[in-house]
Amino acid sequence: MRRAISITVLSALAGLAQAQNANHFDCSNFLQFGADINKTRTAFAQSPETMAWNWFACLNQPSTAQSSNLVWETMKPSDQVYLPNGAPPGTYDSSAPLPAAVVTQAKAQGMNLSRAFHNLNATQQVDGLILQMGGAVPDAQQGNPVRFQLLMGKDTFDYIVKNQVYNMNGQAALANDLHFPPTAWELKAAWLWIGTDTTYQQTLVNDGYYIAQAYYQQDGKYQVGYAALSGLHVVNKLDSSWVWTTFENINNSKYTVTNAAPATPMTNTTGPTPAAKPVNASFQASNPTLSKYELIGVEFQPITQVLANSQLESAFQNTSSCLACHSTAAYSNDDGYFNFALNKGGGIVYPTAPLPASDFDGYKKLDFVWSLKRAQWQR
Ligand code: HEC
C-alpha cells in the first residue's frame, strides 16, 4: 500500500515537473534568444518541438502588463513595410494610424480602439488559390476566403530598412545575397472572418479560437469586425536555413473546406508529426488559452520533408516544404523573382528539397524571405 502511494506521488510529481518545464521557459528577451544564443541552440537541438511551443507560448503572452495586445500582435505588419509607393517605412514602433473609415465603424460597433486591429489584406495562398470557409460557418460566410497577414520582428525590419530592400529599387540595386541576423523573426497568420455575428463568434470561442479585432478593404469599402486565428507560421533564423514551425487550431476542419466538388472538410495531411504529438499534449494541458492549438511540426534542415498548415498551404500540402520553397527566394534584374512552380508530369509541383545552386546563376538570393516579393517600385 505504502509503495503504491509513493509510485502515484512520484508519477504525479513527474507530470508536474513536465508541466513546469513547459511553463518555466524564460520569455524575457526570448526574441533575442536570451542572454546566450548557444544555450537556445542546444535546447532546440534536444527537442525542436518543445522549443517551438515555448516560443509560441511566449508570443501569445500579453506584450506588457498594461496592454492586452499579445506579443506577436505588436510585430510590424508587412503592409507598413512594403508601402504602395515604395517609400521608406516609418519606425518599427510607430504603427500607422487606422483608416478613418475603420475608426468610424469600429466606434459604431463599440470596439476597443486601444487594442490591435489586424489588417487582413491577403486571401491568395502561394499557389494563387484561396481557402474557402464552409461546413459549420454561417450562411453569410459560406465560400468566403480565409484571410492572411504577414508580420515581422524588429531585427527583420531593421535589416530590411538598413539594406533599403523595402522597395524594388533597393532589391534591383543589391550587389550581394541578403543575410538576415540570427534574431530575425517572421510570422504568417490565417484568420476566419467573423464580422459582427456574435453567435458565430461564441461558437469559435467555445472551440478555442483566439479572437481579435480586424478589418480589410474590398471594392474600395472597409469591412470591420472580428476574426478568429486559425493558423500561424512562426519562423526565425536560429539556424542558417531558418527554423520553420507551424501551428493551427484543431477544429479547423469544421470551418474550412477543400475546393473539390462537392467540398469536403479541409484537414492537415502532414502532421502533427510523431515528435510533435506528446509535446502538444503537454503544452495544451499547461496553457489553457492555447489548448486548442497544435504544433504541426518543425523543419530546420535541408532534407526532403513535407510540412504544411491546412490553412496556409491548403491545396498543395503533399508538395509543401517550407524550407525548400523558401530557399528559392531570389531576384534577378533580368528575370525577376525566381519561379518555384516546377512543371512535372504535366502538373505543377513545388520543390521539396533545395534546388542546385546553379539554378540561381544570375540571381541574388533573398535569404528565404519571400515576402520581399511584396516590395513596389518607388514612385
Ligand atoms: C511553395 C512555396 C512555399 C511553401 C511550401 C511555403 N511557403 Fe511560406 N511563403 C511563400 C511565399 C511566396 C510567401 C510570401 C507570401 C506573400 O507575400 O503573401 C511566403 C510567406 C511566408 C512567411 C512570411 C514571411 C516571409 O518569409 O516571407 C512565413 C513566416 C512563411 N511563409 C512560413 C512558411 C512555413 C512555416 C511553411 C511550411 C509549413 C511555408 N512557409 C511553406 C512560399 C512558400
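Q: What share of the contacts in the protein with a separation of 6 or more comes from residues 24 or more positions apart?
A: This is a predicted model. Take the contacts in the protein with a separation of 6 or more. Residues 24 or more positions apart account for a share of 72%.

Q: Why does the radius of gyration of the protein agree with that of a compact globule?
A: The protein has 379 residues.

Q: Is strand β10 mostly covered or mostly open?
A: Strand β10 covers residues 293-299. Of its 7 residues, 7 are buried. In the protein, 39% of the 379 residues count as buried. Strand β10 is mostly covered.

Q: What is the bridge partner of Tyr331 in β15?
A: Strand β11 covers residues 330-332. 2 bridges join β11 to β15, and the two run antiparallel. In β15, the bridge partner of Tyr331 is Lys364.

Q: Which residues of the shell are the closest to the ligand?
A: The ligand is surrounded by 26 residues. Elements that give two or more residues to this shell are β5 (185-195), β7 (221-236), β8 and α9 (322-326). The closest residues are Cys322, Cys325, Tyr350, Trp370 and Ser371.

Q: How many residues in the shell around the ligand are nonpolar, polar and charged?
A: Sort the shell around the ligand by class. The counts are 14 nonpolar, 7 polar and 5 charged.

Q: Why does Gln109 count as partly exposed?
A: Gln109 lies in the loop between α4 (100-108) and β2 (117-119). A residue is buried with 20 or more C-beta neighbours within 10 Å, and exposed with 12 or fewer. Gln109 has 13 inside 10 Å, so Gln109 counts as partly exposed.

Q: How far apart in space are Gln109 and Thr196, C-alpha to C-alpha?
A: Leaving aside neighbours within four places in sequence, Gln109 is in contact with Thr196 and Val224. Gln109 and Thr196 are 87 residues apart in sequence. In space, C-alpha to C-alpha, the distance is 8.3 Å.

Conventions. Residues numbered from 1 in each chain as written. Predicted model: local features only at pLDDT ≥ 70, side-chain atom pairs only at ≥ 80, totals over all residues. Helix = DSSP H or I, 4+ residues; strand = E, 2+ residues; numbered from the N terminus. Near = placed C-beta within 6 Å. Nonpolar A, V, L, I, M, F, W, Y, C, P; charged D, E, K, R; others polar. Rg over C-alpha atoms; globule rule 2.2 N^0.38 Å. Contact = placed C-beta atoms within 7 Å. Pairing = 2+ DSSP bridges.
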